[in-house]
Amino acid sequence: MGKKRSREEGKEVPPADAGADRMDEDSNDEEDFDMVDVEFEWFNFDPEIDFHGIKALLRQLFDVDANVFNMSALADLVLSQPTIGSTVKVDGKETDPYAMLTALNTHVHRETEPMNDILKYLVEKAQTNDSLAVIPELINAGKHVGLVFSERFINMPPEIGPPLYSMLIDEVEAAVEDKEPYEFSHYLILSKTYQEVESTLDVENRKKKKAKEEASTFFFHPEDEVLHKHALAYGSYSYTKEEDSVADSKRAFQEAGIKPAGHMILIEASKFPGAVKAINDYLRPQ
């Protein structure tokens with residue numbers, strides 16, 4: 001393996017520690033907050049430790065459509081390349097990750113069950129949004145696209161995102177130097193957005209809202225809005241299982257007035273380092 005890929009386990013990455021401080025600075029002086037001092041650590045993927053944690057994060061990323069895929073097989077595929085991407089943990093290597101980011105080569109893994117199913121799914125979803133029309137073309141042409149899975153617990157500070165992306169760039173560069181199949185033409189980032197909808201818990205407020213009021217789109221990952229500025233294409237899509245009332249998380253979101261949707265961001269590989277620099281600048285601790 002290349003020297004750059006053998007990074008120290010548990011390496012502290014300074015930018016991510018700013019989340020609690022920023023919340024404290026932005027808060028009203030009259031409000032009381034219980035501050036928790038948390039030290040985040042970055043690790044390579046470990047198949048012996050991370051299977052259940054990675055599977056849970058992948059399920060969260062795909063939301064109600066997670067049941068469309070074999071999530072166990074997808075978690076195994078992610079863990080099969082431990083030096084590409086990272087996990088973020090709080091209480092040491094032996095614990096479950098709070099966040100993850102990695103990139104899989106869509107062409108190399110196209111014959112595996114999870115990648116084959118996901119590629120069919122992404123082509124189908126991209127065809128529902130004209131803004132994503134270029135994505136089926138790339139996938140069907142067999143391009144080596146880096147399919148990026150990035151997910152974290154909802155209450156994690158956004159400052160952990162930039163180091164994950166920066167380390168991914170370094171690891172992909174090292175893998176290419178080692179003649180491994182990570183020379184991508186594009187990066188396709190899977191993410192989620194949400195719209196504010198009428199809350200099922202507030203009947204009186206619902207009556208006052210305009211029936212056809214246009215909903216605004218918001219981001220679970222704030223860096224996504226920055227990535228848009230460097231993207232070749234981006235757009236959202238509805239989940240296949242959107243009406244599946246069995247999903248507790250979906251019911252909870254709708255009761256709170258939030259409707260999640262899938263989201264894709266396509267960035268040319270040559271522009272990806274600039275995009276990562278931009279999110280580092282945007283989320284740099286003040």
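These exercises walk through a predicted model of one protein chain, each with a worked solution.

Residues are numbered from 1 along each chain as its sequence is written. In this predicted model, local features need pLDDT of at least 70, side-chain atom pairs count only at pLDDT 80 or more, and totals for chains, interfaces and linings use all residues, while side-chain values use heavy atoms, with hydrogens and water left out.

**Exercise 1. Confidence**

Task: Find the mean pLDDT of the chain, and state where pLDDT is below 50.

Solution. Start with the term: pLDDT is the predictor's confidence in each residue, from 0 to 100. The chain has a mean of 83. Of its residues, 75% reach 70 or more. Next, look at the start of the chain. Residues 1-12 have pLDDT below 50. Residues 14-30 stay under 50. Where pLDDT is low, the predicted coordinates should not be read in detail.

**Exercise 2. The overall build**

Task: Count the helices and strands, then say what share of the residues is buried.

Solution. Helices (H or I, at least four residues) and strands (E, at least two) are DSSP runs, numbered from the N terminus. The chain has ten helices and eight strands. Now take burial. Buried means under 20% relative accessible area, exposed over 50%, and partly exposed in between (1.4 Å probe, protein chains only). Of 286 residues, 48% count as buried. Last, take contacts, meaning heavy atoms within 4.5 Å. Among contacts with a separation of 6 or more, 81% join residues 24 or more positions apart.

**Exercise 3. An enclosed helix**

Task: Explain why helix α3 is described as largely enclosed.

Solution. Helix α3 spans residues 71-79. Seven of its nine residues are buried, so the rest of the structure largely encloses α3. Those seven are Met71, Ala73, Leu74, Ala75, Leu77, Val78 and Leu79. Now find the cover. It includes α2 (51-62), β3 (99-105), α4 and β4 (145-152).

**Exercise 4. The largest core**

Task: Name the residues that touch the most other members of the largest nonpolar core.

Solution. A nonpolar core is a set of buried Ala, Val, Leu, Ile, Met, Phe, Trp, Tyr and Cys residues joined through side-chain atoms within 4.5 Å. The largest one has 39 residues. Leu58, Phe62, Leu122, Phe149 and Met264 touch the most other members. Helix α4 (residues 113-126) gives the most to this core, with seven residues. A core of 31 residues lies apart from it, with Ile160, Tyr182, Ala275 and Val276 among its members. Then zoom in on Phe62. Leaving aside neighbours within four places in sequence, Phe62 contacts Phe69, Met71, Leu74, Ile118, Phe149, Leu190 and Tyr239.

**Exercise 5. Rings**

Task: Classify the ring pair of Tyr187 and Phe272 as stacked, tilted or edge-to-face.

Solution. Rings of Phe, Tyr and Trp (its six-membered ring) pair if their centres lie within 6.5 Å; planes under 30 degrees apart count as stacked, over 60 as edge-to-face and the rest as tilted. The structure holds twelve aromatic pairs. In this one the centres are 3.9 Å apart and the planes are at 15°, so the pair is stacked. Tyr187 is in strand β5 (residues 186-196) and Phe272 in helix α10 (residues 272-282), 85 residues apart. Both residues are buried. Elsewhere, ring pairs join Phe62, Phe69, Tyr121, Phe149, Tyr237 and Tyr239 into a cluster.

Next, check for charges over rings (NZ of Lys or CZ of Arg within 6 Å of the ring centre and within 35 degrees of the ring normal). Lys89 lies over the face of Phe43, 5.7 Å from the ring centre. Lys192 lies over the face of Phe220, at 4.8 Å.

**Exercise 6. Strand β8 and its partners**

Task: State how β8 pairs with β5 and with β7.

Solution. Two strands pair if DSSP finds at least two bridges between them. Eleven bridges join β5 to β8, and the two run antiparallel. β7 (residues 233-237) pairs with β8 (residues 258-268) over five bridges, also in the antiparallel sense. Ile265 in β8 is the bridge partner of Ile189. Tyr234 also stands opposite Ile265. Gly235 stands opposite Met264. Finish with burial. Nine of the eleven residues of β8 are buried. β7 has a covered face, Ala233, Gly235 and Tyr237, and an uncovered one, Tyr234 and Ser236.
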